[in-house]
Amino acid sequence: MADEQDESPEKFLSQRIEKANELLKICDTLDKAIEGLPKLRRKILAELKFLTSLTSSELTLKHSHIKSTNLLFLEAVLLTVEDESDVTAVFKPFCFLGPNSTKLNCTVDIVASSGCCWIKVTARNASALHRTWQGQGDFGDKDIVYQAEELQEASKQHLVNYSTPLVMLSCLNGITESLAKALENTGIYVKGKRLPDPGNEALAHVDHTITDGRPCVHVQECNCVNLDVTAMIAYVSALTNGGCGFVFKEAILTEQAKQERQNPVLPKLKIFFKGKELFACQSAVRDFNAILKTVGGEKEQERARALLEKVTIVEDNPSIRSTSMQTSASIKERSKIIFGTGDSLKAITTTANVAFTRAAASQGVEFSVFIHESRALTELKESQASLVYLEQDVT
């Protein structure tokens, strides 16, 4: 490909517009479950809008106008998303406590490996990164080492299954040997072609290594499970124990019965619980028993007693980060105690309370959770319900 400066600004602009449209198409092929994907798409659209505006601008078109866009960075993000495994989010914000308990914010370009890898992406050339690191960059340039270390500090406060996510720097246009070593010495993984430091260009003929960008990262197995009220109810419910073939007078119960026929909850819970130690805090058990006493059928209560015999009941002991959350419509005191006790136990909380987990995450507190669908106690409702043909949900 010819050097960009050898091309006319008009041709260069046309290529960038074509590239922006290409990135939008790639964006549309990615997993829609990736958090922040709409944000990435909006950023690309904004760049496309800017580039398109240059085609009708009265200003004399120059290469510098076209190069001022963020398109190369967004391309690097997309390429990295395609290259990494189990990407869950892009441009995900996190808050963390800095020196003197100052509240700070950072954005992780890509969260991969099911949350266990935080990736910072850069499309800057290796020489520019190196000069900024040595304090010779332009005014406003941010030192990549400082940025990566900031992510590293934030990652220590956002554990995944109680393990610190790995911070990785992905360098689309390479990185100098000295800068790579400085980053790796702080525990940051570096992906990108290794290039000689500025002034050592004589070494450029050496075959420098390109790291593969796939460190050994995996979700650490956690053998402690914290049961919230919704999990205990789902486990003992008549719905999940063979009683899902009914149409109830209550529409919500009929819908849950249909969901259970299509997507049984109990087998998933049993698989998740297998080989793990089960815990529940006193508040959760107290509320569970109160609900059972009010609306639980005889068999549901029998299953509840059998379940609680397998559970270690512990005192309420919510973690500091759970109690520090502001209460809201979705964040109740009881949930703060139950999830917070699981947090103190370093256990995964099993729950159907998605509203709480999302609201907590919006306040910067992400709990280790296993989510399942909600199921109510229905045994006492069966006498007033009618049977349905199970075949109707199979087709």
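Modeller: Bear in mind that this is a predicted model. Strand β2 (residues 103-112) pairs with β3 in the antiparallel sense, over three bridges.

Biologist: Which residue in β3 is the bridge partner of Ala112?

Modeller: Cys117 is the bridge partner of Ala112. For Val111, the partner in β3 is Trp118.

Biologist: How many residues sit between β2 and β3 in the hairpin?

Modeller: Four residues lie between β2 and β3 in that hairpin. Ser113, in the turn, has a positive phi of about 50 degrees.

Biologist: And what about β3 and strand β4, parallel or antiparallel?

Modeller: β3 and β4 (residues 166-171) run parallel and are joined by six bridges.

Biologist: What is the strand order in the open sheet?

Modeller: The order is β1-β2-β3-β4-β6, five strands with mixed pairing. At the edges are β1 (89-97) and β6 (189-191), each of which pairs on one side only. On average, neighbouring strands of this sheet are turned by 40 degrees against each other, direction ignored.

Biologist: Back to β3. How many of its residues are buried?

Modeller: Six of the six residues of β3 (residues 117-122) are buried, so by the under 20% relative accessible area cut-off the strand is mostly covered.

Biologist: Which residues are on which side of β3?

Modeller: Cys117, Ile119 and Val121 are on one side, with Trp118, Lys120 and Thr122 on the other. Both faces are covered, and Lys120 is among the buried residues.

Biologist: Helices now. At what angle do α2 and α4 pack?

Modeller: Helix α2 (residues 37-54) and helix α4 (residues 71-83) pack at about 150 degrees, with their axes 10 Å apart. Angles over 145 degrees count as roughly antiparallel, so α2 and α4 are roughly antiparallel to each other. Their crossing is left-handed.

Biologist: Which residues make the contact?

Modeller: From α2, Leu40, Lys43, Ile44, Glu47 and Leu51 take part, and from α4, Leu71, Leu74, Val77 and Leu78. By class, the contact of α2 with α4 has seven nonpolar, no polar and two charged residues.

Biologist: What about α8 and α10, how do their axes cross?

Modeller: The axes of helix α8 (residues 229-236) and helix α10 (residues 266-273) cross at roughly 115 degrees and come within 9 Å. α8 passes α10 in a left-handed crossing. On the α8 side the contact uses Ala231, Ala234 and Tyr235, and on the α10 side Leu266, Leu269, Lys270 and Phe273. The contact of α8 with α10 divides into six nonpolar, no polar and one charged residues.

Biologist: One more residue, then. Where is Thr351 found, and is Thr351 buried or exposed?

Modeller: Thr351 is in strand β12 (residues 348-351). Its relative accessibility is 0%, so Thr351 counts as buried.

Biologist: What is Thr351 in contact with, leaving aside its neighbours within four places in sequence?

Modeller: With those neighbours left aside, the contacts of Thr351 are Asp228, Thr230, Ala231, Phe339, Thr357, Val369, Phe370, Ile371 and His372. Ala231 also belongs to the contact that α8 makes with α10.

Biologist: And what separates the C-alpha atoms of Thr351 and Gly243?

Modeller: Their C-alpha atoms are separated by 21 Å, and the two residues are 108 residues apart along the chain.

Terms used. Residues are numbered from 1 along each chain as its sequence is written. This is a predicted model: local features need pLDDT of at least 70, side-chain atom pairs count only at pLDDT 80 or more; totals for chains, interfaces and linings use all residues. Side-chain values use heavy atoms; hydrogens and water are left out. Axes are lines fitted to C-alpha atoms, for helices over the stretch in contact, and angles run from 0 to 180 degrees between N-to-C directions. Helices (H or I, at least four residues) and strands (E, at least two) are DSSP runs, numbered from the N terminus. A crossing is left-handed if the near helix is turned anticlockwise from the far one by less than a right angle, and right-handed if clockwise. Contact means heavy atoms within 4.5 Å. Ala, Val, Leu, Ile, Met, Phe, Trp, Tyr, Cys and Pro count as nonpolar, Asp, Glu, Lys and Arg as charged, and the others, Gly among them, as polar. Angles under 35 degrees count as roughly parallel, over 145 as roughly antiparallel, 65 to 115 as roughly perpendicular and the rest as oblique. Buried means under 20% relative accessible area, exposed over 50%, partly exposed in between (1.4 Å probe, protein chains only). Two strands pair if DSSP finds at least two bridges between them.
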